[in-house]
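Hi everyone, thanks for making the time. Let me put the structure up on the screen, and then I'll walk you through a few spots in it.

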Amino acid sequence: MSLGLIYKNQETILEERETYGVPYLVYPLLEETGIVTHAFSTRLGGVSKGPWATMNLSGTRGDDPEAVEENKRRMARALGVRVGDLTYTHQTHTTNVAVVREADRGTRFMETDGMVTNVPGLCLVTFYADCVPLYFVDPVHKAIGLSHSGWRGTVGKMGKVTVEKMKKTFGTDPKDLVAAIGPSICQDCYEVSGDVIEEFKKAFPGELWDQLFYEKDNGKYQLDLWAANKAVLLEAGIPEEQIAVTNLCTHCNPDILFSHRAQGDRRGNLSAFLALKE
């Protein structure tokens with residue numbers, strides 16, 4: 001099966017899968033831990049229509065609620081999890097990370113952009129349309145984390161905040177973590193203004209600036225959120241060989257992935273899924 005996705009290089013960082021007619025993407029690095037079920041959705045395989053077509057998983061975009069619920073059922077079936085186990089964030093570009101307990105199964109955490117848990121079967125779900133998904137798996141303490149990191153979250157070092165939450169809550173050693181930076185907008189497609197770059201200059205040391213952004217003739221900059229989030233994960237103590245960095249851009253693939261920069265406000269949302277196997 002091939003979705004016709006455009007990757008930034010030929011390295012096999014992500015694999016394309018399809019189950020019960022629902023396509024999705026997985027990271028072999030995360031699968032190799034043997035303890036998680038995970039995925040990143042596409043915009044294919046659902047029932048939504050119009051600008052939400054077809055696999056919109058967000059109820060906040062103006063889509064038909066019944067279509068969204070059917071899409072959730074389809075994704076849950078494809079991944080082998082129960083719909084009632086799907087546990088959500090309501091993201092507002094914070095660095096708030098919730099600890100998800102058994103009693104929280106199936107709920108939504110408001111003003112929250114990340115979640116961590118050690119509850120088997122409970123499936124963490126976060127939403128995207130260009131921002132960066134961050135997956136974390138601790139195979140030693142059998143704990144997971146899933147976080148949303150746009151430019152504000154990246155400046156706030158959401159990846160490091162999530163690792164610290166796992167360390168405090170579950171005793172996670174960052175050296176044991178296996179992590180993935182998910183499909184999101186690439187540097188070639190992500191133009192930002194100087195005020196955004198000033199925030200990055202405050203957050204990251206000068207020796208990294210050339211890796212993270214460059215200025216163009218129009219006074220704007222091209223920003224690399226992939227490289228920035230990798231730097232954050234390395235700073236948090238995760239070994240480089242245990243970090244998978246996406247080579248798939250949402251903006252480069254608007255027919256298969258939702259992109260805010262490509263489609264604007266009238267669009268659906270993609271989702272990242274992560275659950276400990278029961």
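On terms: helices (H or I, at least four residues) and strands (E, at least two) are DSSP runs, numbered from the N terminus, and two strands pair if DSSP finds at least two bridges between them.

Before I go on, this is a predicted model: local features need pLDDT of at least 70, side-chain atom pairs count only at pLDDT 80 or more, and totals for chains, interfaces and linings use all residues. Residues are numbered from 1 along each chain as its sequence is written, and side-chain values use heavy atoms, with hydrogens and water left out.

**The hairpin**

Now to β1 and β2, which run antiparallel and are joined by five bridges. Glu 15 has Val 26 in β2 as its bridge partner. The two strands form a hairpin with two residues between them, and Tyr 20 in the turn has a positive phi of about 50°. Over the face of Tyr 20 lies Arg 77, at 3.6 Å from the ring centre; the criterion is NZ of Lys or CZ of Arg within 6 Å of the ring centre and within 35 degrees of the ring normal. Likewise, Lys 201 lies over the face of Trp 209, at 5.3 Å from the ring centre.

**Helix α2**

At the N-terminal end, Asp 64 caps α2, with a side-chain oxygen 3.0 Å from the backbone nitrogen of Glu 66. After α2 comes Gly 80, with a positive phi near 75°. Buried residues in α2 include Val 68, Met 75 and Leu 79, where buried means under 20% relative accessible area, exposed over 50% and partly exposed in between (1.4 Å probe, protein chains only). Their cover includes β1 (15–19), β2 (22–26) and β3 (36–41), among others.

**Ser 58**

In the loop between β3 and α2 we find Ser 58, which is buried, with a relative accessible area of 4%. Leaving aside neighbours within four places in sequence, Ser 58 is in contact (heavy atoms within 4.5 Å) with Val 68, Phe 127 and Asn 269.

**Aromatic pairs**

Last topic: a search of the whole structure finds six aromatic pairs. Rings of Phe, Tyr and Trp (its six-membered ring) pair if their centres lie within 6.5 Å; planes under 30 degrees apart count as stacked, over 60 as edge-to-face and the rest as tilted. Phe 40 and Tyr 128 have ring centres 6.0 Å apart and planes at 50°, so this pair is tilted. Phe 40 lies in β3 and Tyr 128 in β8 (residues 123–128), so the pair ties together parts 88 residues apart in sequence. Both Phe 40 and Tyr 128 are buried.

Tyr 88 and Phe 127 form a stacked pair, 6.0 Å centre to centre with 15° between the planes. Finally, Trp 209, Phe 213 and Tyr 221 form one aromatic cluster.

Methods. Polar contact = N/O pair within 3.5 Å; in protein donor to acceptor, adjacent residues only side chain to side chain.
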